[in-house]
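Work through these exercises with the structure open beside you. Try each task before you read its solution.

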Amino acid sequence: IIVKQKQGRFYLWSMEKVITSEISFIPIQSTNYKADVEEVLTIITDSGLENHVGLMSTTIKGNKQSVFSLIQKIFDAMENKTRFTITLKLSNECGCN
């Protein structure tokens, strides 16, 4: 495992191949959609994976198992709280260089 610093934050990197994911979480029937989105962003930030939060989506980099586990964790955490859609793009070309 490699600890990498980027923009003042530290991220854990495995020696395994890194993948990139772009995820958008969209609450459909929510009593507080801002809180739902903030909860998902907290789950992503707390994962320790490198991430960049954008206006419409969040980019996540990490090894395949970590990224897929994070997506499952988001789904499981939100499944009984709100109805939602998740738009997901995956790439096995991480764009790390």
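**Exercise 1. Which residues does Thr87 contact, leaving aside its neighbours within four places in sequence?**

Step 1. Thr87 is found in strand 6. This is a predicted model.

Step 2. List the partners. Thr87 is in contact with Glu22, Ile23, Ser24 and Ile26.

Step 3. Check a distance. From C-alpha to C-alpha, Thr87 and Phe25 are 6.7 Å apart in space. In sequence they are 62 residues apart.

Step 4. Classify the exposure. Buried means under 20% relative accessible area, and exposed means over 50%. Thr87 has 44% relative accessibility, so it counts as partly exposed.

**Exercise 2. Describe the order of helices and strands in the protein.**

Step 1. Take the totals. The protein has two helices and six strands.

Step 2. Read along the sequence. The pattern is β-β-β-α-β-β-α-β.

Step 3. Look at the contacts. Take those between residues at least 6 apart in sequence: 66% of them join residues at least 24 apart.

**Exercise 3. Find the salt bridges and say which parts of the chain they link.**

Step 1. Count them. The structure holds two salt bridges.

Step 2. Take one pair. The side chains of Glu22 and Lys89 meet at 3.4 Å, N to O. Glu22 is in strand 3 and Lys89 in strand 6, 67 residues apart, and the pair links distant parts of the chain.

Step 3. Compare with the cut-offs. At 28% relative accessibility, Glu22 counts as partly exposed. Lys89, at 53%, counts as exposed.

Step 4. Take the other pair. Glu39 forms a salt bridge with Lys81, and their closest N and O atoms are 2.6 Å apart. Glu39 lies in helix 1 and Lys81 in the loop between helix 2 and strand 6, so this pair ties together parts that are 42 residues apart in sequence.

Step 5. Classify Glu39. At 25% relative accessibility, Glu39 counts as partly exposed.

**Exercise 4. How many aromatic pairs does a search of the whole structure find?**

Step 1. Count. The search finds two aromatic pairs.

Step 2. Name the geometry of Phe25 and Phe84. Planes under 30 degrees apart count as stacked, over 60 as edge-to-face and the rest as tilted. The ring centres of Phe25 and Phe84 are 5.1 Å apart and the planes are at 35°, so the pair is tilted.

Step 3. Locate the pair. Phe25 is in strand 3 and Phe84 in strand 6, 59 residues apart.

Step 4. Turn to Phe75 and Phe84. Their pair is edge-to-face, with 5.4 Å centre to centre and 75° between the planes.

Step 5. Phe25, Phe75 and Phe84 form one aromatic cluster.

Step 6. Phe25 and Phe84 are buried. Phe84 has 17% relative accessibility, so it counts as buried. Phe75 has 38%, so it counts as partly exposed.

**Exercise 5. Which residues form a nonpolar patch on the surface?**

Step 1. Name the patch. Phe68, Leu88 and Leu90 form it, with about 250 Å² of accessible area together.

Step 2. Look at Phe68. This residue is found in helix 2. At 39% relative accessibility, Phe68 counts as partly exposed.

Step 3. The protein exposes about 6600 Å², and carbon and sulfur atoms supply 53% of it.

**Exercise 6. Is Leu55 buried or exposed?**

Step 1. Locate Leu55. Its place is in the loop between strand 4 (50-53) and strand 5 (58-63).

Step 2. Apply the cut-off. Leu55 has a relative accessible area of 90%, so it is exposed.

Step 3. Check a distance. The C-alpha atoms of Leu55 and Ser24 are separated by 9.7 Å, and the two residues are 31 apart along the chain.

Terms used. Residues are numbered from 1 along each chain as its sequence is written. This is a predicted model: local features need pLDDT of at least 70, side-chain atom pairs count only at pLDDT 80 or more; totals for chains, interfaces and linings use all residues. Side-chain values use heavy atoms; hydrogens and water are left out. Helices (H or I, at least four residues) and strands (E, at least two) are DSSP runs, numbered from the N terminus. Contact means heavy atoms within 4.5 Å. Accessible areas come from the Shrake-Rupley method with a 1.4 Å probe; for residues, only the protein chains shown count as cover. Patches are made of residues with over 30% relative accessible area and no salt bridge: like charges are joined within 9 Å, nonpolar side chains (Val, Leu, Ile, Met, Phe, Trp, Tyr) within 5 Å. A salt bridge is a side-chain nitrogen of Lys or Arg within 4 Å of a carboxyl oxygen of Asp or Glu. Buried means under 20% relative accessible area, exposed over 50%, partly exposed in between (1.4 Å probe, protein chains only). Rings of Phe, Tyr and Trp (its six-membered ring) pair if their centres lie within 6.5 Å; planes under 30 degrees apart count as stacked, over 60 as edge-to-face and the rest as tilted.
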